[in-house]
Amino acid sequence: MKKIIVFSIYVIIAFIACKTTPTENKNAEYGFKRFEPITITGEMSEMTLAYAKRQNYFNQLGQNEIHPDGMVFYFVIQPLGNNISKTPALVELRDFTINGTSYREMTRLNGINEIEPHTIAYSRRSFQGDEFNKRLDVQIDFDTNHLFKVVILGTNIPDNGIIDVVFRFGFDGKVEPFNYQLNVNDIEK
């Protein structure tokens, strides 16, 4: 009887060990929907869409701006070649499309006045205070990388479809586009 109990305990421990692996996404351990980072290599830099989430609010200086829906995007940029020493250049991300339709236009058609997007450039220190800092599943070397958070708020986002977002970034006044496509169903609400 002892052998059966000992064997059962080993089987249970082996089963638990197989169910939890050290390579699981850290978002999963917090109970969040997994976001798989997407990396695109351009001529001047390599850009990773590190995290995206539906979000209907923006907090700033204790003020909570709330809207029906919206998106938050986190972009990590690694300069390539000699671009590390150049001056970063950014075209503010103000819109994205859902199934080919402008989100800003959808928002206007639903009677919501234009909402200014929010773009935040992070340093190592300021990123520690960000509410989603634990959800980015990429390494960020703040000595060479750039990290931007973009919040675009507006009308309700449909539950199905493809989000197409283009972030333009570069150096010394020249930018290049980085185009990302996301399935709405794959994004945490």
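**Sheet, hairpins and core**

Tutor: Start with the open sheet: five strands in the order β1-β2-β5-β10-β9, with antiparallel pairing. This is a predicted model, so local features need pLDDT of at least 70 and side-chain atom pairs count only at pLDDT 80 or more, while totals for chains, interfaces and linings use all residues. Residues are numbered from 1 along each chain as its sequence is written, and side-chain values use heavy atoms, with hydrogens and water left out.

Student: What makes β1 and β9 the edge strands?

Tutor: β1 (38-41) and β9 (118-122) each pair on one side only. Strands here are DSSP runs of E, at least two residues, numbered from the N terminus.

Student: How do you know that β5 and β10 pair?

Tutor: Two strands pair if DSSP finds at least two bridges between them. Nine bridges join β5 (residues 69-79) to β10 (residues 146-154), so the pair meets the at-least-two rule. They run antiparallel, and Asp69 stands opposite Gly154 in β10.

Student: And what joins β3 to β4?

Tutor: Four bridges join β3 (residues 57-60) to β4 (residues 63-66), and they run antiparallel. The two form a hairpin with two residues between them, and Leu61 in the turn has a positive phi of about 50°. Asn59 has Asn64 as its bridge partner in β4.

Student: Which residue has a positive phi in the turn between β11 and β12?

Tutor: Asp172, at about 50°, in a hairpin with two residues between the strands. Ten bridges join β11 to β12, with Ile163 opposite Leu182 in β12.

Student: Why is Ser45 called buried?

Tutor: Buried means under 20% relative accessible area (exposed is over 50%, partly exposed in between; 1.4 Å probe, protein chains only). Ser45 has 0%, so it counts as buried. Ser45 lies in strand β2, and its contacts (heavy atoms within 4.5 Å) include Ile40, Ile77, Phe169 and Phe178, not counting residues up to four places away in sequence.

Student: Which residues have the most contacts inside the largest nonpolar core?

Tutor: Phe73, Tyr74, Phe75, Phe96, Leu147 and Phe167, in a core of 45 residues. The largest share, seven residues, comes from β5. A nonpolar core is a set of buried Ala, Val, Leu, Ile, Met, Phe, Trp, Tyr and Cys residues joined through side-chain atoms within 4.5 Å.

Student: What does Phe73 touch?

Tutor: Among its partners are Leu49, Phe96, Val150, Ile152 and Leu182, again leaving out residues up to four places away in sequence.
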